2 protein chains.
Amino acid sequence: MNAEIVAVGSELLLGQICNTNAQFLSRKLAEWGIDVYVHTAVGDNAARLRTCLEIASRRADIVILTGGLGPTPDDLTKETVADFLGLPLEVHGPSLARIEAFFRQRGLLMTENNRKQALVLKGASVLPNESGLAPGMAVCSGGKLYVLLPAPPRELVPMVERHLRPVLEAFAPTRAVVHSEVLRFFGIGEAALAEKVADLLDAQTNPTVAPLVEDGEVTLRLTAKAPSREEARALIGPVKEAILARLGHHYYGSDDDRLPVVVVRRLAARGWRLAVAESCTGGLIAELVTGVPGASRVFAGGIVAYAPEAKRRLLGVSDETLAAHGTISPACAREMAAGVRRALDAQVGLAVTGVAGPDPAEGKPVGEVHLGLALPDGTVRTEALQLAGDREAIRLRAAKHALFWLWRALGDGQ
Amino acid sequence: MNAEIVAVGSELLLGQICNTNAQFLSRKLAEWGIDVYVHTAVGDNAARLRTCLEIASRRADIVILTGGLGPTPDDLTKETVADFLGLPLEVHGPSLARIEAFFRQRGLLMTENNRKQALVLKGASVLPNESGLAPGMAVCSGGKLYVLLPAPPRELVPMVERHLRPVLEAFAPTRAVVHSEVLRFFGIGEAALAEKVADLLDAQTNPTVAPLVEDGEVTLRLTAKAPSREEARALIGPVKEAILARLGHHYYGSDDDRLPVVVVRRLAARGWRLAVAESCTGGLIAELVTGVPGASRVFAGGIVAYAPEAKRRLLGVSDETLAAHGTISPACAREMAAGVRRALDAQVGLAVTGVAGPDPAEGKPVGEVHLGLALPDGTVRTEALQLAGDREAIRLRAAKHALFWLWRALGDGQ
């Protein structure tokens, strides 16, 4: 059983947006044991969409279309699929009632275009849209399943999460489950990592092992296929163990356990609260940590001390340090970490100062970054980094280095 | 002249990464006047890649493949294209020398797999890889151009920026230029916006006008085709004017002038420095503002006052306010804005406090957000929002509302 994802929208082909829907759907389908062999994106053009439909319906059992369900004239997915399958469109009463209520409540005039959004393919199962007006739908024709979903992710994601699975199960009861585990590493490059597990990469077929560079981190994806999730996990277990025996020092978590998540977890385990002082990362570390639900239990707060004056005033960095070493120095990172720990009455203070670019600062090159870490026992550590990349990359790498370094420190002695 | 982008990599089909390369290439090709009609993504599978190649070479003049140039056995793009075109692979001397030097310098053992990266299609123009080991290449066959690029964006992007254009020009000298301008609006929904310019959307063919929802903002993309960039811009001008006559109140910028950019620009024009106090947005506003190169001239700093204690201690929010109104209140937002302006000795203080979720807090529902803005004349304004969406969406929308509100206030009286 395999699916093809066909995204419809000229904005994709002009590069105005990225096809995140294909990524999200692919993850879900993998979880549900449905192979995805091809993604296609095509513009708001009936003839070209029809060609893509013809090709997709030949090579896939399930064709999932995203986009083109809106009220404007360039939205033509339903019309094109109706024409391709020889099925009429008919008004879906509950969807029309919802659209009418929407306009009534807002005192807006409803146009004929809006009414168009309530049309569905005859015989289709309707997938309710809880965050927008256009319903999704699924229809079986010629032994294939066609699924139509709206393009905005805030509409598509809940629709898929809540309503797609039963439709797919009815069409093709699950036999095999594909289970993946993504091992996350930091502080090692892709080539070095691949080198250390080259034999495992070559030898494995179930699970397969695939390395990937993602946002400055390296991951290994282990993917197993088995009749059940438990059996798939059992196939992954020993291979994961063999990998971690060689690379464990760089491994910090799997799947959605990104750096901020594992940091929050270790802080919670120790019952410590973190305070962050940021210069070149400009609030990114605070933003990453507070992006973790429940972070409020372990995050006291942060100070974005962008100007030297702010470092002095809010963090208590001394005039002597600023005069002798400047703000981009281990001495400044040390005082920032101790200062923010004190200012926010936290157990742990983490500080970052450096040059994100595009221009050098205080005679220091772009990419020079200093970290500071103040711990409950009163000790303060520093670490110096020289990072590569543009402004955005340096900020992200500095933030991740700081989080990984903190995470390791929180594991010391446990 | 049209191109098809074929991405190769099972990680795309498993949803581990998003096809950002297709977005980037599409933008570039649009700039260069080359239409893109289809994107395809296919896994590391020779037979399915070959089918995609057959289809793409029938419908496109230029086939651009990304990915599958790495050293591991699942990298098979070159081999498959060689087989499809009946062209042998041969060692590219300079690339091999570069790879050998890379391993020599690091004292690492070079394997046969690494040597494979120096193979190129016979007769191809080689595109140097300045950030990695795998060279790109372009080869003409049967009147079509085939371009092979590496998958990691940090390798692909500079290769495309520096080396792809001449190869495309040699194959197909540019005749028409496609020029787009993206108009950015805030504080208006897609339907309401489309309603107001419905006649313009319908009537236009050159430029075309297409609405799009992007990260909680609505944009209108105007796309014109003409012999030169200047002529294309001239076609866009009057249509843009007509749109802004109706929607100007919500318009804040075009193209890459995102909210943080226009905020920084207005602050700079006034010679004012901004300080930010954040609760539920957790550093996101500071991060967005400091992401703008040159922000240091106008950004004094930020305080992420996540815990109530931090609001009291660092921002001077009074015990009376906390007791009577709680932290999620206009009164707290007001004191946070005034407090951060004072604490960082800035002209402008911006504050956000609210409930990002997933759970309600202090008896306030998820999505309740209060903004505060302290101005140089001593006045402090507040604004109450009720935002929809999950934690991440609420944080992003709250941050954007705050920036848009600030940007408007900075324009007052000008």
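1. Chain B superposes on chain A by a rotation of 179 degrees, with 0.4 Å of shift along the axis and an RMSD of 0.5 Å. This is therefore the relation of a two-fold axis. Both copies use the same surface: 96% of the contact residues of chain B recur in chain A. Keep in mind that the model is predicted.

2. Chain A holds 16 helices and 17 strands. Its C-alpha trace spans about 80 × 60 × 40 Å along the principal axes. Of its 414 residues, 57% count as buried. Take the contacts in chain A between residues at least 6 apart in sequence: 68% of them join residues at least 24 apart.

3. The accessible surface of chain A is about 15,900 Å². Carbon and sulfur atoms account for 52% of that surface. Chain A carries 45 positive and 47 negative charges, and their mean positions lie 3 Å apart.

4. Helix 11 of chain B covers residues 259-270. At 1.5 Å a residue, its 12 residues should span 16 Å; the end C-alpha atoms are 17 Å apart, so the two values agree. After this helix comes Gly271(B), with a positive phi near 70 degrees.

5. Which residues of helix 11 of chain B are buried? They are Leu259(B), Pro260(B), Val262(B), Val263(B), Val264(B) and Leu267(B). Their cover includes four strands of chain B: strand 11 (217-226), strand 12 (251-254), strand 13 (274-278) and strand 15 (348-354). Helix 12 (284-290) and helix 16 (391-411) of chain B also contribute to the cover.

Definitions and conventions:
Residues are numbered from 1 along each chain as its sequence is written. Chains are lettered from A and ligands numbered from 1 in the order in which they are written. This is a predicted model: local features need pLDDT of at least 70, side-chain atom pairs count only at pLDDT 80 or more; totals for chains, interfaces and linings use all residues. Side-chain values use heavy atoms; hydrogens and water are left out. Copies are superposed by least squares on the C-alpha atoms of residues with pLDDT of at least 70 in both. Contact means heavy atoms within 4.5 Å. Helices (H or I, at least four residues) and strands (E, at least two) are DSSP runs, numbered from the N terminus. The expected span of a helix is 1.5 Å times one less than its number of residues. Buried means under 20% relative accessible area, exposed over 50%, partly exposed in between (1.4 Å probe, protein chains only). Accessible areas come from the Shrake-Rupley method with a 1.4 Å probe; for residues, only the protein chains shown count as cover. Lys and Arg count as positive and Asp and Glu as negative; His and the chain ends are not counted. The place of a charge is taken as NZ of Lys, CZ of Arg, CG of Asp or CD of Glu.
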